[in-house]
Amino acid sequence: MERVSSNDESKVKGQRSKAMDRSFEGLRVWLQSRTFVNSIYDIMEEVKDYGFRDQIQRAAVSIMNNIAEGAESGSDAKYMNFLQISRGSCSEVRSMLYLCLDRKMIDQATFDQLKGEAISISNQIYKLIESINKSQGDSVKG
């Protein structure tokens with residue numbers, strides 16, 4: 001897991017389960033998704049299609065909330081499930097960004113920036129899932 005702090009929390013906390021030692025606030029991917037959600041809210045502020053606005057905002061919020069909920073869910077399996085849901089929400093937002101562009105709610109530059117951020121977040125979530133998978137394999141071996 002990529003964290004803001006360079007401290008190795010698992011060494012400090014000793015024998016407690018890795019699943020119990022997670023704090024979402026320190027995850028770079030959660031921090032980036034929080035910024036992303038605020039960007040989505042900002043661009044949707046003047047949109048009059050309230051159903052569309054609500055849907056893209058909910059999908060964006062789902063990205064960060066599923067990272068948070070999974071991090072503190074208590075097991076690696078649950079965490080990975082929440083992370084998969086979060087990746088799905090990234091895809092949903094990206095899809096809706098195309099509609100924003102088509103309907104001229106955003107310009108090409110804004111689309112490119114937000115789409116890039118969504119892809120970056122999705123890739124980070126994937127790496128986090130891979131890290132959890134690897135740690136599960138390491139704990140079985142060791």
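Buried here means under 20% relative accessible area, and by that cut-off the buried residues of helix H4 include Asp-76, Tyr-79, Met-80 and Phe-82. The model is predicted. Its chain has five helices and zero strands, in the order α-α-α-α-α along the sequence. Of its 142 residues, 38% count as buried. Among contacts between residues at least 6 apart in sequence, 70% join residues at least 24 apart.

**Nonpolar core**

- The largest nonpolar core holds 35 residues, and Ile-40, Val-93 and Ile-125 have the most contacts inside it.
- Two or more residues of this core come from each of helix H2 (28-44), helix H3 (50-71), helix H4 (76-102) and helix H5 (108-141).
- The greatest contribution is that of H3, with nine residues.
- Ile-125, one of the residues with the most contacts inside the core, touches Val-29, Ile-63, Ile-67, Leu-83, Ser-86, Arg-87 and Cys-90, when residues up to four places away in sequence are not counted.

- H2 has 17 residues, and the distance from its first C-alpha to its last is 24 Å, close to the 24 Å expected at 1.5 Å a residue.
- Buried residues in H2 are Val-29, Trp-30, Ser-33, Phe-36, Val-37, Ser-39, Ile-40 and Met-44.
- The axes of H2 and H3 lie 9 Å apart, and the two helices pack at an angle of about 170°.
- Angles over 145 degrees count as roughly antiparallel, and H2 and H3 are therefore roughly antiparallel to each other.
- On the H2 side, the residues that meet H3 are Val-29, Trp-30, Ser-33, Arg-34, Phe-36, Val-37, Ile-40, Tyr-41 and Met-44.
- On the H3 side, the residues that meet H2 are Phe-52, Arg-53, Ile-56, Gln-57, Ala-60, Val-61, Ile-63, Met-64, Ile-67 and Ala-68.

**Helix H3**

- The 22 residues of H3 should span 32 Å at 1.5 Å a residue, and the end C-alpha atoms are 31 Å apart, which agrees.
- H3 bends by about 25° at Ile-63, a residue that is also among those touched by Ile-125.
- Met-64 is in H3 and counts as buried because its relative accessibility is 14%.
- The C-alpha atoms of Met-64 and Trp-30 are 5.6 Å apart in space, although the two residues are 34 apart in sequence.
- Beyond residues up to four places away in sequence, Met-64 touches Trp-30, Ser-33, Arg-34 and Val-37.
- Ser-62 is also a residue of H3, and at 19% relative accessibility it counts as buried, the cut-off being under 20%.
- Leaving aside neighbours within four places in sequence, Ser-62 contacts Ile-85, Ser-86 and Ser-89; Ser-86 and Ser-89 are among the buried residues of H4.
- Arg-58, again in H3, counts as exposed at 55% relative accessibility, the cut-off being over 50%.
- Arg-58 and Tyr-41 are 17 residues apart in sequence, and their C-alpha atoms are 9.8 Å apart.

- At 1.5 Å a residue, the 27 residues of H4 should span 39 Å; the end C-alpha atoms are 39 Å apart, which agrees.
- H4 is followed by Lys-104, which is placed in the loop between H4 and H5.
- Lys-104 has a positive phi of about 60° although it is not a glycine.
- Lys-104 counts as exposed, because its relative accessibility is 73%.

- Ile-129 is in helix H5 and counts as buried at 5% relative accessibility.
- Ile-129 and Met-80 are 49 residues apart along the chain, and their C-alpha atoms are separated by 6.0 Å.
- With neighbours within four places in sequence left aside, the contacts of Ile-129 are Met-80, Leu-83, Gln-84 and Arg-87.

Terms used: Residues numbered from 1 in each chain as written. Predicted model: local features only at pLDDT ≥ 70, side-chain atom pairs only at ≥ 80, totals over all residues. Heavy atoms only, no water. Core = buried A, V, L, I, M, F, W, Y, C linked by side-chain atoms within 4.5 Å. Buried < 20%, exposed > 50% of the residue type's maximum accessible area, 1.4 Å probe, protein only. Helix = DSSP H or I, 4+ residues; strand = E, 2+ residues; numbered from the N terminus. Contact = heavy atoms within 4.5 Å. Expected span 1.5 Å × (residues − 1). Bend = angle between axes of the 7 residues up to and from the residue. Axes fitted to C-alpha atoms, helices over the stretch in contact; angles between N-to-C directions. Parallel < 35°, antiparallel > 145°, perpendicular 65-115°, else oblique.
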